[in-house]
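Work through the following exercises with the structure in view. Each task is followed by a solution in steps.

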Amino acid sequence: MTSSPRLLRRTRAVLFDFDATLTVREELQVWRLFPERGGFGDAPPPPKTGTKRLLQSGEGEGNDAAPPAPVPVPRAVDTVWLRQKGFGGDTRISQLGEMFEELASLGVELHIVSFAQRDNIIRALSLLGMIHFFGDRIVGWQELGGPSKAGFIQRLMEERRWAKDQVLFVDDQARNIHEASLLCLTKKSGESGLDEGEMDEIRNTARGSTSSSASGGFGRAEASDPAERLHDLYRMV
Ligand SMILES: [Mg+2]
């Protein structure tokens, strides 16, 4: 039985939070992505008094000020809003795509671990043409089954037999990062979505290089003794 040292060092998975990590917002409301579900709880805010509906179709809505009233008229998803206000614009979306592409080419499994609704995440990534990077490896709040992400991450890592330094968890919330930090590598992003520098750090980690960034490092285990890594890899076998 042989295992190459390179394999042991390799990042096996990156687990991304969704809201304000992949997106640039705290939330993508359900009605933004499923206009046909407008109503109870998911309804857009009512139009301001005295304003008339200015738009008959979904075209041209670029702001939050005057969403259409929740009338039962099917509307298309406003993909312009999604790209600009949800994900920070086409340049950032391209950067995300390039990062996913490189991670996938390195054999890194991409997951989403989020308190958002799974349906929302799938719809948004499908509309952006990025769902194929994740497949069914998307977990929302229903699937998490509790107020913590750490339990799920621990179960996933045990199931896959991943060692602590083979998994990177990326999230904008300090609490989530703190809870996961005992389990795997962590990267706390800013709270308005991953920026280009942070994406570069993630790519560097997956390549196995050490980030030279002075701020917000990854908490990668310093020890690189092959014997210790072997121990980590096989401790659950
Ligand atoms: Mg978040």
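**Exercise 1.** The model is predicted. Which residues on the other side of H4 are exposed?

Solution. Start by locating the helix: H4 covers residues 90-105 and has 16 residues. From its first C-alpha to its last it reaches 22 Å, close to the 22 Å expected at 1.5 Å a residue. Next, pick out the buried residues of H4, which are Leu96, Met99, Phe100 and Leu103. Seen down the axis of H4, these buried residues fall within an arc of 95°, so they line one face of the helix. On the other side, the exposed residues are Asp90, Thr91, Ser94, Glu101 and Ser105.

**Exercise 2.** Find what the buried residues of H4 pack against, and describe how H4 and H9 are oriented to each other.

Solution. The packing partners are strand S1 (13-16), strand S2 (109-113) and helix H9 (196-207). For the helix pair, take the axes: those of H4 and H9 come within 10 Å and cross at roughly 5°. Angles under 35 degrees count as roughly parallel, and therefore H4 and H9 are roughly parallel to each other. H4 contributes Gln95, Met99, Glu102 and Leu103 to the contact, while H9 contributes Glu196, Met199, Ile202, Arg203 and Ala206. Sorted by class, this contact has 5 nonpolar, 1 polar and 3 charged residues.

How values were computed: Residues numbered from 1 in each chain as written. Predicted model: local features only at pLDDT ≥ 70, side-chain atom pairs only at ≥ 80, totals over all residues. Helix = DSSP H or I, 4+ residues; strand = E, 2+ residues; numbered from the N terminus. Expected span 1.5 Å × (residues − 1). Buried ≥ 20, exposed ≤ 12 C-beta atoms within 10 Å, placed from the backbone. Arc of directions from axis to C-beta. Contact = placed C-beta atoms within 7 Å. Axes fitted to C-alpha atoms, helices over the stretch in contact; angles between N-to-C directions. Parallel < 35°, antiparallel > 145°, perpendicular 65-115°, else oblique. Nonpolar A, V, L, I, M, F, W, Y, C, P; charged D, E, K, R; others polar.
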